[in-house]
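Visitor: I've never looked at this structure before. Could you walk me through how to read it?

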Amino acid sequence: MKIVFLEPLGLTVEAIEMACDGLKKQGHDVVVYPDRRPELNIERAADADIVVESNMPLRKDFFDACRNLKMLSIAFTGLDHIDMEECRRRGIVVNNAAGYSTEAVAEETICMMIGLYRHVIENDRITRSCKGPSMAPGREIAGKTVGIIGLGAIGQRTAALAQAFGCRTIAWNRTPKQIPGVTLVDKETLLKESDIVAVHVALNNETRNLLTYKDFTMMKSSSVIVNAARGPVVNANDLAEALKNGIIAGAALDVYDVEPPLNTDNPLLTAPNTMLLPHIGFATKEAFEARLEIVVKNVIKFIS
């Protein structure tokens, strides 16, 4: 079979080829492209049996052109960028890389909590201005209530890390789960009681616009929200408006309706007390190595 890596997945071509050594010895043709060029995806995958990529959107035009395609090994957790209906219709098997970034995203979530509370970006700006010893005093997350929306693997790991910092952890989840140290509550109670709200749900029809202006009005005026899940889970216009009106104190985001680079008219760019990151929660050396192992195992399993 012809196996095409449409991108190097944050690693070197040599590292990927080494991981695929067993496949090559079995006679499979492995092609690894050294760069990420979405406009060339169709050309690169035209005669592929198996395609490996991370989060570049693959829609009907891609599947229309790639007639030999039998399997997608997606180096990402979410699959909302893949036209799954087309894959089902054509009998294309799709596997994701579940769990590869659990630690990375949970750690980034804690990082964003502390970043907001300690005004890291603002204090960096003050220091760089070279205008004296002024500073923006912060707060400690110890003793605060962290409300976690979504108790999947990342939500659970975030809860454990928050507890290590001395936080009380509560959570809302669509199905009941018993997690040590975590108190399950309804969504309204979580919003009212939390000092920090961390969003960790997958994007689907039920979670799109899960948090809107009405939800923000239930929160404390001193509370902040952190979203490292998917952008459309939190209504961006409503969040920007809530921040501008002082309904909540701050927000840290690593995900957006449209992947960075952001459009210049994005309302969050002018919202106060925000930390905006370019979707890097998954991007650690350890996570990249883990997901390569997962996607290659998924390919081997499919072939065998």
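This is a predicted model: local features need pLDDT of at least 70, side-chain atom pairs count only at pLDDT 80 or more; totals for chains, interfaces and linings use all residues.

Visitor: Let's begin with the strands. How many bridges join S1 to strand S3?

Guide: Two strands pair if DSSP finds at least two bridges between them. Here, S1 and strand S3 (residues 50-53) run parallel and are joined by 3 bridges. Phe5 has Val52 in S3 as its bridge partner. Residues are numbered from 1 along each chain as its sequence is written, and side-chain values use heavy atoms, with hydrogens and water left out.

Visitor: Which residue in S2 stands opposite Lys2?

Guide: That's Asp29. S1 and strand S2 (residues 29-32) also run parallel, with 4 bridges joining them.

Visitor: And the faces of strand S1, are they covered or open?

Guide: In a regular strand the side chains alternate between the two faces of the sheet. In S1 (residues 2-5), Lys2 and Val4 sit on one side, Ile3 and Phe5 on the other, and all are buried, so both faces are covered (buried is under 20% relative accessible area, exposed over 50%, partly exposed in between, with a 1.4 Å probe and protein chains only).

Visitor: What about pockets? What volume does the largest pocket have?

Guide: Rolling a probe the size of a water molecule over the atoms shows where empty space is left. The largest pocket comes out at about 660 Å³. Its lining has 33 residues, and Thr77, Ile154, His200, Val201 and Ala202 are the closest to its centre. On a 1 Å grid over the protein atoms alone, a pocket is an open set of points where a 1.4 Å probe fits, with protein on both sides within 12 Å along at least five of seven lines; lining residues have an atom within 4 Å of a point. For the volume, grid points are joined across faces, edges and corners, and the space filled by probe spheres set on them is taken.

Visitor: Which helix gives the largest share of that lining?

Guide: H8 does, with 3 residues. Helix H6 (102-117) and helix H8 (153-164) each supply at least two residues.

Visitor: Where are cysteines bonded to each other, and how many disulfides are there?

Guide: A disulfide is a covalent bond between the sulfur atoms of two cysteines. The search of the whole structure finds 0, counting sulfur pairs within 2.5 Å. For Cys87, the nearest cysteine sulfur belongs to Cys66, 11 Å away. Cys87 counts as buried because its relative accessibility is 1%. The sulfur of Cys111 is 14 Å from the closest cysteine sulfur, in Cys167, so that is too far for a bond. Cys111 counts as partly exposed, because its relative accessibility is 48%.
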